[in-house]
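I write down what I looked up, step by step.

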Amino acid sequence: IIPLVGADRTRELVEKAVLEHGMSTIKMKVADGHDQLWTQDLVRVQIARITMQALGVVGKIRIDVNGGWELEQAVERLIAFSDVAGGLDYVEQPCVELDDMRELKQRLPEMRIAVDESIRLGGAVDSTMFRQIADVAILKALPLGGVHAAVKTARVLDMPVVVSGSLDTS
């Protein structure tokens with residue numbers, strides 16, 4: 001995961017992920033709440049792609065918006081991010097509102113969307129609704145109530161899942 005850092009630090013962290021850890025998938029945090037800075041995130045994503053290519057890695061780039069965009073922003077920005085990334089593996093939680101996520105999925109059907117916060121914070125899991133708004137579910141065991149609860153959630157969702165941490169320990 002590449003946090004919200006400057007361009008030079010982004011390059012360093014991508015190099016380290018690839019060279020020291022053998023990573024071929026990079027997830028980048030974007031959208032820090034300062035609307036005017038989103039173009040800096042575009043540059044960071046482009047740097048990640050260029051760095052991976054320079055290192056001979058044909059890998060995946062994912063972006064995590066943490067619900068930071070309104071629907072119209074998401075439509076415009078996801079097209080731009082996909083362009084500079086050479087395609088995104090998926091975008092994680094682009095909008096907070098589930099209706100916006102549903103509309104986004106309809107307007108950009110080729111964009112893979114992952115849902116995260118909506119699962120952790122939404123209480124009961126409506127598998128039909130989540131499949132309408134997303135292609136991938138991000139499951140974090142601790143916020144869901146532990147490993148068994150996360151496995152149960154994965155079964156209920158009946159869609160591809162990515163198991164991720166929430167900066168917790170075993």
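**Entry on the model.** Before anything else, I noted that this is a predicted model.

**Entry on α1 and α2.** I began with helices α1 and α2, and I found that they pack at an angle of about 35°, with their axes 9 Å apart. I then looked up the handedness of the crossing of α1 and α2, which is right-handed. On the α1 side I listed A7, T10, R11, V14 and E15, and these meet R44, I47, A48, T51 and M52 in α2. When I sorted the residues of this contact by class, I had 5 nonpolar, 2 polar and 3 charged.

**Entry on α2 and α3.** Next I turned to helix α2, residues 38–54, and helix α3, residues 71–85, whose axes lie 8 Å apart at an angle of about 25°. Because angles under 35 degrees count as roughly parallel, that makes α2 roughly parallel to α3. The crossing of α2 and α3 is right-handed. I wrote down W38, D41, L42, V45, Q46 and R49 from α2, which meet E76, R77, A80, F81, V84 and A85 in α3. By class, the contact of α2 with α3 has 7 nonpolar, 1 polar and 4 charged residues.

**Entry on α3 and α4.** I followed α3 on to helix α4, residues 98–107, and found that the two axes come within 10 Å and cross at roughly 35°. Here too I looked up the handedness, and α3 passes α4 in a right-handed crossing. The residues L71, E72, A74, V75 and L78 of α3 meet D100, E103, L104 and R107 of α4. Sorted by class, this contact of α3 with α4 has 5 nonpolar and 4 charged residues, and no polar ones.

**Entry on the largest pocket.** Finally I asked myself how much space lies in the largest pocket. I noted about 300 Å³ for the largest pocket, and I counted 16 residues in its lining, of which I1, M23, T25, I26 and K27 lie nearest its centre. Which elements each supply at least two residues of that lining? I found α1 (7–21), β1 (25–29), β3 (90–92) and β6 (161–164). By class, I recorded 10 nonpolar, 3 polar and 3 charged residues in the lining of the largest pocket.

Notes:
Residues are numbered from 1 along each chain as its sequence is written. This is a predicted model: local features need pLDDT of at least 70, side-chain atom pairs count only at pLDDT 80 or more; totals for chains, interfaces and linings use all residues. Side-chain values use heavy atoms; hydrogens and water are left out. Axes are lines fitted to C-alpha atoms, for helices over the stretch in contact, and angles run from 0 to 180 degrees between N-to-C directions. Helices (H or I, at least four residues) and strands (E, at least two) are DSSP runs, numbered from the N terminus. Angles under 35 degrees count as roughly parallel, over 145 as roughly antiparallel, 65 to 115 as roughly perpendicular and the rest as oblique. A crossing is left-handed if the near helix is turned anticlockwise from the far one by less than a right angle, and right-handed if clockwise. Contact means heavy atoms within 4.5 Å. Ala, Val, Leu, Ile, Met, Phe, Trp, Tyr, Cys and Pro count as nonpolar, Asp, Glu, Lys and Arg as charged, and the others, Gly among them, as polar. On a 1 Å grid over the protein atoms alone, a cavity is a set of points where a 1.4 Å probe fits but cannot get out, and a pocket is an open set with protein on both sides within 12 Å along at least five of seven lines; lining residues have an atom within 4 Å of a point. Grid points are joined across faces, edges and corners, and a volume is the space filled by probe spheres set on the points.
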